[in-house]
Amino acid sequence: MAADRDLLAVNDAFYRAFRAQDSSAMDALWARDGPVACIHPGWGALSKRDRIMASWQAIFDAPGAPDIICVAPRAYDLGEVGFVVCFEQIG
């Protein structure tokens, strides 16, 4: 259960960073070692950290970034890996 709480806390930090358009906070959330991947709606998959961080900066710099709220998050702890699934409420 503690791992679930940790996953949900990181997920919440991700959405706070997104809503605040906080590049530093977003940067702190992404792994510096190991593989990372990101798929933004309407974009191709990104798999290199520098490209992922550049994509977030481009989103934050663009006018009219959408207001997205995570609804009903559910954590899945698989030991050394975990993920969160939620609904995104836009606008």
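A disulfide is taken here as a pair of cysteine sulfur atoms within 2.5 Å. In general terms, a disulfide is a covalent bond between the sulfur atoms of two cysteines. By the distance criterion, the structure holds zero disulfides. The sulfur of C70 has its closest cysteine sulfur in C86, at 3.0 Å, and this is too far for a bond. C86 is accordingly in no disulfide, the sulfur of C70 being the nearest cysteine sulfur to its own. C86 counts as partly exposed because its relative accessibility is 21%; the classes are buried under 20% relative accessible area, exposed over 50%, and partly exposed in between, with a 1.4 Å probe and protein chains only.

The model is predicted, and local features need pLDDT of at least 70, while side-chain atom pairs count only at pLDDT 80 or more and totals for chains, interfaces and linings use all residues. Residues are numbered from 1 along each chain as its sequence is written, and side-chain values use heavy atoms, with hydrogens and water left out.

Salt bridges were assigned where a side-chain nitrogen of Lys or Arg is within 4 Å of a carboxyl oxygen of Asp or Glu. The count by this rule is three. One of these pairs R16 with D12, with 2.3 Å between the closest N and O atoms. Both residues belong to helix α1 (residues 2-20) and are four residues apart, about one turn of the helix; helices (H or I, at least four residues) and strands (E, at least two) are DSSP runs numbered from the N terminus. R16 is partly exposed because its relative accessibility is 44%, and D12 is partly exposed because its relative accessible area is 38%.

D27 takes part in a salt bridge with R32 at an N to O distance of 2.5 Å. The side chain of D27 also meets that of R49 in a salt bridge, at 3.0 Å from N to O. This pair links distant parts of the chain, with D27 in helix α2 and R49 in helix α3, 22 residues apart. D27 is partly exposed, with a relative accessible area of 22%; R32 is exposed, at 57% relative accessibility; and R49 is buried, at 18%.

Helix α3 (residues 49-61) also contains S55. The relative accessibility of S55 is 3%, so S55 counts as buried. Residues up to four places away in sequence being left out, S55 touches H40, W43 and L46, where contact means heavy atoms within 4.5 Å. H40 lies in the loop between α2 (23-29) and α3. H40 has a relative accessible area of 5% and is therefore buried. With neighbours within four places in sequence set aside, the contacts of H40 are L46, S55, W56 and I59.

On the surface, L78, V81, F83 and V85 form a nonpolar patch with about 370 Å² of accessible area together. Patches comprise residues with over 30% relative accessible area and no salt bridge, like charges being joined within 9 Å and nonpolar side chains (Val, Leu, Ile, Met, Phe, Trp, Tyr) within 5 Å. Accessible areas come from the Shrake-Rupley method with a 1.4 Å probe, and for residues only the protein chains shown count as cover. L78 counts as exposed because its relative accessibility is 58%.
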